[in-house]
Amino acid sequence: MMNNDFFTLLTAVGKAKLAAAASGGAPLKLSQMAVGEGDNGAYYTPSESQTALKSEAWRAGLNHLSTDPANPSWIVAELVIPDQVGGFTIREVGVFDADGALFAVGKFPESYKPVLADGANKQLYVRMILEVSNAAAVTLMVDPSVVLATRGSVDQRIAEELAKLDGKPSVRAATTGPIALTGLPTVDGVVLQLGDRVLVKNQAAGADNGIYVAGTGNWARAADANISLEVTPGLFVAVEQGAANGGSLWQLTTPSPIALGTTALAFTQIAGNTGVAAGTYRSVTVNARGQVVGGSNPATVDDLGLGADLALPLAALPLPVVSTADSNRVAVAATAVAGQGGTVSVPAGVPLSLAQEIVAGQSGRMRTFVTAAWTSPALQANAEYYLRGQVVGGALSLYVQRGALSDARPDSLKGSPSSAGGGGFFSTALDICLARIVTGAAGSAPTVQRVINRGQDAWSATMNGNGVVYLPLDPFVKTGRISTGIVTPHATAISSVMHGSAGWTGAGYWYAAPNRSAATYAVGVSLGWVPGNPVIVTSSNVVGDTTASVCSGMFDHVAGKSMWQVLQLEHQLGDVDGVNSDEHLMGMGHKNMLQADYDSGLAISFANCVNAVLTWEVVR
């Protein structure tokens, strides 16, 4: 048997034509390729002297002709034998030029080309490599009308074209921050496996972004995104998994031109999960692509950005209000501190309204706050403080400030925390006063006089039968007036309303009684000055009398004293000329102010009343 090594060689005619083309002649044009069955159905050794195949079986135009990228002196010729051609065994192959001359001949591994009649059928791909000294002398020309594509070449070409499209195959995960492009880390909660595609979009150097394939060593860019031609503006890719990016779609927004590895690549999410949980939101954040990327439920108008729109001029704002059943006051606890004047504390959970300044010195708006547990710093002994609160940074801030009851209201409507004086003014729209604090000797608990904050300075009560009502009092009340009367007399008893609190140093009572029929006017003393007695607010003289009374008091909280007067009109229903009952009465008295008066209010006792109405009005 002949030597079965397989090779290709140029024929003598081929060499001559190649030399002529290389020396400036017409370029050599290779156009056809033929296969044959050999020398009488056997192998033979091709020679340069051949001008034809020994036993040519089939000839056709070249399917592909090119130089090898890695070996510039190699010419690669390809022929595809279609499935309907066959019934012969290939042992030799030749390439012919446009003139029909045999340019090269080769010894080919024995391959039978079947046809359908043989019970099998296939398309056969024949490839021949020619080594020439000057490939530039050969014109690479293929007639597209005779080209047949193999499955492999078609798949490769499809893959190449798909790689140029903007739509890329999905990636398993996408980064959420910079990563090392090596090994198999966990990305967005996904433990990467060998060969996983990954969208890298958060590198410090934007040029390192792109689509990669994970490996045990350094990562390589994916085959469909590893050259600039395949990475173009508008490229988009879906992410399969990930806590943050799973189910999302990302697009390359970097404009042309893009030089892969040099141009910074920027990816933007265009669809899928943005990290906002499903639900209903009062406020949402929408990005430039119309996607909801944030959601919240603001609880205040400030959170909604409406604070300035709801602001009023400072002069139009109401006074603060403490919302408690305890005469609209905040509970304040006093604690002794060794060597100091003590501390005061406020409990958590007390609601109150107070204005927040919006434009300094011009406007503000009312807000509702709830106190947090708070304790003052240690106070100086034998001093006077005021427990106050104002809005700082959108939150209620409590503080103590030295001061006196004579302090004027500041133009700013706000006190100065920890100031050495000036804090003794009543509540303003921007600064609420909760208590007057008077400290004693070091080591003793402070005295607390809580302040009423209710937005108005009048109270009323209806009295029936016997009992006690308490009139709210705080250290800012300068004067107060009680208005009451026995409008509906008791059927069998004398009705009365009296001051019931302790601390009275004395009171007196006088009267004047006109007699219209006798044209006389009697004046007398009913009780005179009685030490320790309280002032009578109103009282009928006999059963059936009606009364109307005004009792006014003035207060010196620094000295701890008050002074009272009462004016009463008295008349018996049905008495035409007033001989028996018409009287004008006047009383006065002095009272020392007690801590109980501030804690519980001024006690007013009543007896045998029938729907008697009492009002209490104060001036601060």
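In this predicted model, the charged end of arginine 402 lies over the ring of tyrosine 385, at 5.4 Å from the ring's centre. A second contact of this kind involves lysine 107, whose charged end sits over the ring of tyrosine 43, 5.3 Å from its centre.

Aromatic rings also meet one another. Across the whole structure, a search finds seven aromatic pairs. Ring pairs join Trp504, Phe555, Trp564 and Trp616 into a cluster.

Next comes a helix. Helix H1 covers residues 12-22, and its buried residues are Gly14, Leu18 and Ala21. Viewed down the axis of H1, these buried residues fall within an arc of 60°, so they line one face of the helix. Buried here stands for under 20% relative accessible area. Just after H1 comes glycine 24, which takes a positive phi of about 115°.

Further along the chain is a sheet. Strands of a sheet pair through backbone hydrogen bonds, in either a parallel or an antiparallel way. Here four strands form an open sheet, in the order S21-S26-S25-S22, and their pairing is antiparallel. Which strands form the edges of this sheet? They are strand S21 (312-313) and strand S22 (321-322), each of which pairs on one side only.

Strand S25 spans residues 351-359 and runs antiparallel to S22, with two bridges joining them. Two strands count as paired if there are at least two bridges between them.

Note on methods: Residues numbered from 1 in each chain as written. Predicted model: local features only at pLDDT ≥ 70, side-chain atom pairs only at ≥ 80, totals over all residues. Heavy atoms only, no water. Buried < 20%, exposed > 50% of the residue type's maximum accessible area, 1.4 Å probe, protein only. Arc of directions from axis to C-beta. Phe/Tyr/Trp six-rings, centres within 6.5 Å; stacked < 30°, edge-to-face > 60°. Lys NZ or Arg CZ within 6 Å of the ring centre and 35° of its normal.
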